[in-house]
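I opened a new notebook page today. I want to go through the ligand first, then the domains.

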Amino acid sequence: MRAVSRKLLHAAAAIACMYFVATPASLLAKPAIVPDQAPPILLGTAWYPEQWPESRWDADLELMEKAHIHMVRVGEFAWSRMEPEEGQYDFGWLHRAIDDAARHGIYTVLGTPTAAPPAWLTQKYPETLRTMEDGRKDQHGNRQQFNWANPKYRELARDIAEHMAREFGHDPHVIGWQIDNEYRAVSYDANTQKQFQDWLKTRYGTLDNLNARWTTAYWSQTYTNWNQIPIETSFGNPGLLLSWMHFVSDTWRSYQKNQLEVIRGNAEPRQFITTNMMGWFDGYDHYVVSQDLDMASWDDYVGEGQLDRYKNGAADDLTRGFKRKNFWVMETQPGSVNWAAVNNSLDKGEVRAMAWHNIGHGADTISYWQWRSALNGQEEYHGTLLGADGTPVPLYPEVQQIGAEFAKAGPVLEGTSPKSQVAILHSYDSRWAINWQRHNKNYDPVAEILSYYKPLRDIAQSVDIVNPMAPLDGYKLVVAPGLNVLSDAEAKNLIEYVKQGGNLVLGQRSGMKNIDNGLQTERQPGPLVPLLGGRVEQYYALISPVPVSGAWGTGTSQLWAELLSAKSPDTRVLMRYGKSNGWLDGQPAAITRKVGKGSITYIGAWLDESTMENAAKWMTAMSGVKPAFGPVPAGVDVYPRYGKDHTVYILVNFAGTEEHVTLPSAMTDVLQGGTVPSVALPQYGVAVLSTPAK
Ligand code: GAL
């Protein structure tokens, strides 16, 4: 229905809104695109018209149109072109670029340019430069040299964002906004430190409270004045470290809000606001910063090597979890990057496979960074869709194919999104807390999450990754690997979930810390001990793996082993350690307890891959989790997206060989046409299948 009305609108627009501006003759008869009618699944690219003569734009846009590109992200580094001198604005070129793009059927996402302040700004307001951790001032010549907490910088950033929003907030061809670019660099200057101290005052109220909660009697750290509190980022008091990261997160949120408010105040509500995040990057709490955005988006770069479908897919799921809805891939590599140790290209076909993998995980847009390299500048070697000569590179036809497929599958994918029966809980507090005190240098909290994610995804064929405060009642199984910092509110959410019949599995190091990154006064898992009817008696960092055996077969625990006890008579031991350091020998490694219709399980071992597979089989079987689709050959990924009346299954073959998949029932083959009982997928092959909802 939407597709039909879109066509009609396009036709109406073709008659009604002919655009005649100073532009190449070939374009004069072309209609402008219709606001609010952007295709549901968009192919896009980062385009930098400010780097090229206007006489070149049409050739670029023509090539984009031929590749079915319907979105350009523009402007995010163009401050010096928009405001060449303080208070003198030039948006004419940007209007022309947006209008030209529209005549090629291309919508624009505008980036606010605040990640790259102009030289005049830095020269006139040197106080806006950030201070690096070693005390040196950053300088002009790169990007992200600004201080995100500096009031003058915020004033200037708000001003440019406001001017842009006034210019383009009603532009029919602008569909959304990206604020800044990849928030990352913070500042350690005296004024920021003062803001941090004020922030602490608001949070803790009194120094007595702060001193008690951080146990500052330790090493004579007791503070008698707020202005004594330093900034620490690695080996400081754990309460101080966590507070600094909370301050950093809140400060990014207010930095963003500063621009967001003026955009919202001047732009039509149909224009979304997002920022481009960075997957597993943990420089701030993404749940905090996402709160004010309409949509999450991220920049998905493989870097060196090939696509790791688990790690990358989990990053997609993580990003989807920020707003618990579909997201965009705002940037991704056309083949290769320029910043890895070895900047190999993805294989022929892999870029397309990766695009569909992202769509399968809930992306509604894939946008390539970048269209064509600037002829000079720091990124001359980065992958692009056009060469320096302005003609397509070998990857272009593959991207063109993706575009044609998005056009075909868009109407079927519209309004669909992934939804899993399994949730993995993820929290920045816990990741930070573990990373500051790994205790075993190889203990990587993301690797810990992935050790659970991989087998669970293989079985369930879809996993949500959400924050511990997310509503959990829709899930059959909730797994919390390494939920090291556990607030009372989070503990309550988990307890409630289990009492309502949910199945909760806690991974090692869970429930050890409180919200001040201090130790809980109960052993792990802290406030969940009574529900579990058992606890962690002691933890051991391991130099070499120790044997484990029981309900999940025989294997090893690596890096880490927790000696558990089952105190309650109905708490069952699932796995035990074999002979190792004496302490662990014969002791429980995993325990479980039924709670009404629900259950709580604690796994104290970092299980090897095949034992973890067995554990995942056990978890999914006991909680009634079923595969979303059905059996697929190893190496084939399946991604369900659910709509109101139908379900779409995307299949991508990452096995190195051709694979055949028998479908659970005959389905509509969206890309090839027809109703099919099975599909044959070559390496990196893709199928998009649609079936009525069950
Ligand atoms: C991103 C950044 C882009 C570009 C790209 C290169 O992190 O947002 O501007 O530099 O990396 O891979």
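I started at glutamate 379. An N or O atom in its side chain lies 2.3 Å from an oxygen atom of the ligand. I keep in mind that this is a predicted model.

I looked up glutamate 331 next. Its side chain places an N or O atom 2.9 Å from an oxygen atom of the ligand. Then I checked arginine 143. Here a polar side-chain atom is 2.7 Å from an oxygen atom of the ligand.

Is the ligand buried or exposed? Alone, the ligand exposes 310 Å². The protein buries 94% of that area.

I listed the residues around the ligand. They are Phe77, Arg143, Asn181, Glu182, Asp299, Tyr301, Glu331, Trp339, Trp369, Glu379 and His382. I sorted this shell by class and noted five charged, four nonpolar and two polar residues.

Last, I turned to the domains. The assignment for the chain gives domain 1 as 3-34 + 41-187 + 254-413. Domain 2 is 190-241, domain 3 is 422-623 and domain 4 is 636-692.

I compared the positions of domain 1 and domain 3. Their centres, taken over C-alpha atoms, are 39 Å apart. How many residues are in contact between domain 1 and domain 3? I noted 18 residues of domain 1 in contact with 19 residues of domain 3.

Key: Residues are numbered from 1 along each chain as its sequence is written. This is a predicted model: local features need pLDDT of at least 70, side-chain atom pairs count only at pLDDT 80 or more; totals for chains, interfaces and linings use all residues. Side-chain values use heavy atoms; hydrogens and water are left out. A residue is near a molecule or strand if one of its heavy atoms lies within 4 Å of it. A polar contact is a pair of N or O atoms within 3.5 Å; within protein, one must be able to donate a hydrogen and the other to accept it, and residues adjacent in sequence count only if both atoms are side-chain atoms. Accessible areas come from the Shrake-Rupley method with a 1.4 Å probe; for residues, only the protein chains shown count as cover. Ala, Val, Leu, Ile, Met, Phe, Trp, Tyr, Cys and Pro count as nonpolar, Asp, Glu, Lys and Arg as charged, and the others, Gly among them, as polar. Domain bounds come from an automatic or database domain assignment. Contact means heavy atoms within 4.5 Å.
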